Amino acid sequence: MAYAVDTLLDSLEENMMKTEDSLVGVFSGIRTGKASPALVENITFEYYGTQTRIRDAAGITTPEARLLVIQPWDASAVKAIEKALLSSNIGITPMCDGKTLKLPIPELSQERRAALSKQAKASAEDAKVALRNIRRDANDAVKKFEKDGELTEDERKKMLDDIQKVTDSYIAKVDAMFAAKDKELMTV
């Protein structure tokens, strides 16, 4: 069990990194006024009876700053991708020419920008809650180690301080990521 004491901070950091990476993925899917493949790449559609992500079945390019072009490798998938895009919540209607789908990215209204900013803030808050839950689990483990006699009181205090420092650094990263995304969203 002493091995678990040694690896506690490493697993804490690893779990917090996963939370940070998850938030990066969520933020990349929140659209701004610019075309970005991340906006549509994870949308799934039915392809030969299997749910498939668009990025796994098509090339996604941005030939212009405000245009996304999706070119499926199998032309029979065009209609299914179009249907998936229409049913997703990205708010863009694709134009289809039978072989490719073009998504013109409209200018965001101030109201839409505010709504997307609010969505980003909620995602950032969810990430902070996840970080705090990871911290709580690590703190509980440290207290259990002390109770089981694997840590002294001084070692427990030091570990709890270290856990708090790691948590604070990740919360600061989440705040910085939200500030950057909010600035990107609100810039006209």
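A residue is termed buried under 20% relative accessible area, exposed over 50% and partly exposed in between (1.4 Å probe, protein chains only). The model is predicted, and local features need pLDDT of at least 70, side-chain atom pairs count only at pLDDT 80 or more, and totals for chains, interfaces and linings use all residues. Residues are numbered from 1 along each chain as its sequence is written, and side-chain values use heavy atoms, with hydrogens and water left out.

View 1. Helices (H or I, at least four residues) and strands (E, at least two) are DSSP runs, numbered from the N terminus. D162 and K158 both belong to α4 (residues 153-186), where 4 residues, about one turn of the helix, separate them. An α-helix has 3.6 residues a turn, so residues three or four places apart point the same way. The closest N and O atoms of the D162–K158 salt bridge lie 3.0 Å apart. D162 is buried, at 19% relative accessibility, whereas K158 is exposed, at 52%. Salt bridges with shared partners also join E125, K128 and D175 into one network.

View 2. E13 lies in α1 (residues 2-28) and is partly exposed, with a relative accessibility of 30%. Leaving aside residues up to four places away in sequence, E13 touches V166 and Y170, a contact being heavy atoms within 4.5 Å. The side chains of E13 and Y170 are joined by a polar contact of 2.9 Å. A polar contact is a pair of N or O atoms within 3.5 Å; within protein, one must be able to donate a hydrogen and the other to accept it, and residues adjacent in sequence count only if both atoms are side-chain atoms. I134 is 121 residues from E13 along the chain, and their C-alpha atoms are separated by 9.4 Å.

**View 3. The open antiparallel sheet.** The order of the 4 strands is β3-β4-β6-β5, with antiparallel pairing; two strands pair if DSSP finds at least two bridges between them. β3 and β5 are the edge strands, each pairing on one side only. Antiparallel strands β4 and β6 are joined by 4 bridges, and V69 has K102 in β6 as its bridge partner.

View 4. Within α2 (residues 78-87), the buried residues are V78, I81, E82, A84 and L85. Seen down the axis, they line one face of the helix because they fall within an arc of 160 degrees, taken from the directions from the helix axis to the C-beta atoms. K79, K83 and S87, on the other side of α2, are exposed. The buried residues pack against β1 (44-47), β3 (58-64), β4 (67-72), β5 (95-96) and β6 (101-104).

Terms used:
A salt bridge is a side-chain nitrogen of Lys or Arg within 4 Å of a carboxyl oxygen of Asp or Glu.
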